[in-house]
Amino acid sequence: MTDVLDTVAGKSGELVLRRAGNDFEVIANGVFLMDTRNGESERLLVSVAADLVPGKARMLIGGLGVGYSLRAALDHPGVGEVVVIEREPAVIGWNREGPLRDVHDDALSDKRVTVVEADLVKWLRRTEERFDALCLDIDNGPEWTVTDGNAKLYREDGLDMLAARLRPGGVLAVWSAESVPSFAKRLRARFGEVRELKIPVPQGEPDVLWFARV
């Protein structure tokens, strides 16, 4: 049985938070976006990125989601500070004060965390901040974006913008629900070192993670 817990007008359309048994689901404009059933690949996105960066990393996480990536970052001994960019205030509220808070053990209250309510593409264009790791999980993939504007991140100029926000030796990590060979090719053309991990899921194609070092 599925229960609707909240429905809001988000910045990109209707957002719905619902409970299905013991799990939560987020639906955007009638399309499934995320849930709390697994989260293995979302955790690996940040833990592998942190493994690739020496010392106490300053990490940016693009997309709060259900908090799995943030929790994994805070639990990693190599992460010292986390900046989360999330454009939907409802998602922040569900994680900070709502039912998603218990999913990640109230990670947003950790003093190492800064949450910024902003569109990631616009924020990256205006900021001068730099990070040891950029972990992006704002879309279902480079060719399956939540909004048309996000597609810019995965093109050549978007990769240039992301690389400019990395410190020397920094790592860009990108999550996808599917393999995208054309994006992998663009990554290899822009970055000196690229790794691709495929994470099996209960149904459908494996999730794919890319790790690119400047």
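This is a predicted model: local features need pLDDT of at least 70, side-chain atom pairs count only at pLDDT 80 or more; totals for chains, interfaces and linings use all residues.
Residues are numbered from 1 along each chain as its sequence is written, and side-chain values use heavy atoms, with hydrogens and water left out.

Four strands form an open sheet in the order S1-S2-S3-S4, with antiparallel pairing. Strands (E, at least two residues) and helices (H or I, at least four) are DSSP runs numbered from the N terminus, and two strands pair if DSSP finds at least two bridges between them. Strands S1 (2–10) and S4 (31–35) stand at the edges with a single partner strand each, so one side of each has no neighbour in the sheet. Between S2 (residues 13–20) and S3 (residues 23–28), which run antiparallel, there are six bridges; Leu-15 has Ala-28 in S3 as its bridge partner.

Helix H2 (residues 68–75) contains Ser-69. This residue is buried, with a relative accessible area of 5%; buried means under 20% (1.4 Å probe, protein chains only). Beyond its neighbours within four places in sequence, Ser-69 is in contact (heavy atoms within 4.5 Å) with Glu-42, Val-46, Ile-61 and Asp-137.

A nonpolar core is a set of buried Ala, Val, Leu, Ile, Met, Phe, Trp, Tyr and Cys residues joined through side-chain atoms within 4.5 Å. The largest has 43 residues, and those with the most contacts inside it include Ile-61, Leu-70 and Trp-94. Apart from it lies another core, of 30 residues, among them Phe-131 and Trp-210.

Terms used. Buried means under 20% relative accessible area, exposed over 50%, partly exposed in between (1.4 Å probe, protein chains only).
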